[in-house]
Amino acid sequence: MNRIYLDNAATTKMSEKAIETMTACMRESFGNPSSLYGLGQQAKDIIEEARVAVASAINASPKEIFFTSGGSEADNQAIISAANIGRRKGKTHLVTTSIEHHAVLHTFKKLEKEGFEITILPVNSNGIVDLDEVKNAITDKTALVSVMYANNEIGTIQPIREIGAICREKGVLFHTDAVQAVGHIPIDVQSDNVDLLSSSAHKFHGPKGVGFLYAKKGIVLTNIIEGGAQERGKRAGTENVPGIAAMAAALTESIEKMDDAAKRETLLRDRLIKGLSQISHSALNGDAIRRLPGNVSFCFEGIEGESLLLLLDDKGICGSSGSACTSGSLDPSHVLLAIGRVHDVAHGSLRLSLSEETTEQEIDFAIEAVSDVVNHLRSFSPVWRDLTEGKTKFIL
Ligand SMILES: *Cc1c(COP(=O)(O)O)cnc(C)c1O
């Protein structure tokens, strides 16, 4: 059976270029970058070349790039650093949104326990943050505003440039979790007015366990990992040289391909959206226009997302449900609740995320498979029976 991989928002397949770069580095450049002999320096050179490539991909300078173990670490370090900078100036207020990744939200909760005041901004029913809400949330105590570039579940792209401009005008640091955006849509930290940006290699066809944090010149980072003086003293631990090299290769390749890939994916995305919209009592989550090229997210009334995923897996389709079943609980996704989906509807969610390798045949197969499985699940769903018999009311 063919496997149809439509979960690129969870992770991507490494590109051949990234795999080659990584294995060559493992075989030939295995020295410790901190060692003074040639083999060590060779590894150090690879890291510094990668830093130049990564910096140029987001229009930063190499000194502003810090390699991390991934998006979560970069989010933690960015937010904790900004909070500490604020605290030293008596600024103890932090602003974020209700649809952030848990790496952001949980860091905010931790800082709240440490005495920071936090504001969590709502989003509209399309999942977009309102600029006036951002403006009004900022006080003279605000140290940081953190708004994700693009959402991992519903694909909405935020007005980052405008939010950055507001923060700059008010003298507040601005962080963006750009894990879903980097390598997929154009990013320019200068014109986007961004002070701190997080990114992760495995979301753009690089390896897992490596990412980077951009910190604008002048921002003093707090160490999350103490130890050696790697990454200019801001991130201890022997560098993940093969991972960093492969990340740079994957990112360079993604940037080269970006325009074509985005055009291609957008067409297929809209074909998939159109196809799934034919299913009765269904709804697209997120904004139809301000949306990542590869993201499709739907809710289907009267079914369980988990059952849908398992049956799609039987048909060879890898997808995801919005409801992250963290620690065994089946709480629906905080993102779907934030855009106003009620619990029952949020439970019937499906995210399919494309890559530039996705084909039209795969999309057409997926449309038919999802329609079949949704109809099948509804045929024995008590929730669906109550809906069709008028005992409960349809929402979608
Ligand atoms: C995947 C993801 C992360 C976490 O990145 P890791 O490298 O897996 O730690 C953070 N934020 C967003 C928006 C993501 O999609």
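**Close-up views of helix packing and the ligand site**

**View 1. Helix α8 meets helix α11.** Ser307, Leu308, Leu311 and Leu312 of α8 touch Ala369, Val370, Val373, Val374, His376 and Leu377 of α11, where contact means heavy atoms within 4.5 Å. Sorted by type, the residues of this contact are eight nonpolar, two polar and no charged; here Ala, Val, Leu, Ile, Met, Phe, Trp, Tyr, Cys and Pro count as nonpolar, Asp, Glu, Lys and Arg as charged, and the others, Gly among them, as polar. Helix α8 covers residues 305-314 and helix α11 residues 360-379; they pack at an angle of about 130 degrees with their axes 10 Å apart. That makes α8 oblique to α11. The crossing of α8 past α11 is right-handed.

**Reading these views.** This is a predicted model, in which local features need pLDDT of at least 70 and side-chain atom pairs count only at pLDDT 80 or more, while totals for chains, interfaces and linings use all residues. Residues are numbered from 1 along each chain as its sequence is written, and side-chain values use heavy atoms, with hydrogens and water left out. Helices are DSSP runs (H or I, at least four residues) numbered from the N terminus. Axes are lines fitted to C-alpha atoms over the stretch in contact, and angles run from 0 to 180 degrees between N-to-C directions. Angles under 35 degrees count as roughly parallel, over 145 as roughly antiparallel, 65 to 115 as roughly perpendicular and the rest as oblique. A crossing is left-handed if the near helix is turned anticlockwise from the far one by less than a right angle, and right-handed if clockwise.

**View 2. Helix α1 against helix α7.** Helix α1 (residues 16-28) packs on helix α7 (residues 241-277) at about 155 degrees, with the axes 8 Å apart. That makes α1 roughly antiparallel to α7. Look for Lys17 and Met22 among the α1 residues in contact, and for Pro242 and Glu253 among those of α7. The contact residues comprise 10 nonpolar, two polar and two charged.

View 3. Helix α2 (residues 38-57) and α7 have axes 9 Å apart and an angle of about 30 degrees. The two helices are therefore roughly parallel to each other. Helix α2 passes α7 in a left-handed crossing. Their contact brings together 13 nonpolar residues, one polar and no charged.

View 4. Of the 13 residues around the ligand (a heavy atom within 4 Å), Ser72, Asp177, Gln180, Ser200 and Lys203 come nearest. A side-chain N or O atom of Asp177 lies 2.7 Å from a nitrogen atom of the ligand. An oxygen atom of the ligand is 2.8 Å from a backbone N or O atom of Gly71.

Conventions:
A polar contact is a pair of N or O atoms within 3.5 Å; within protein, one must be able to donate a hydrogen and the other to accept it, and residues adjacent in sequence count only if both atoms are side-chain atoms.
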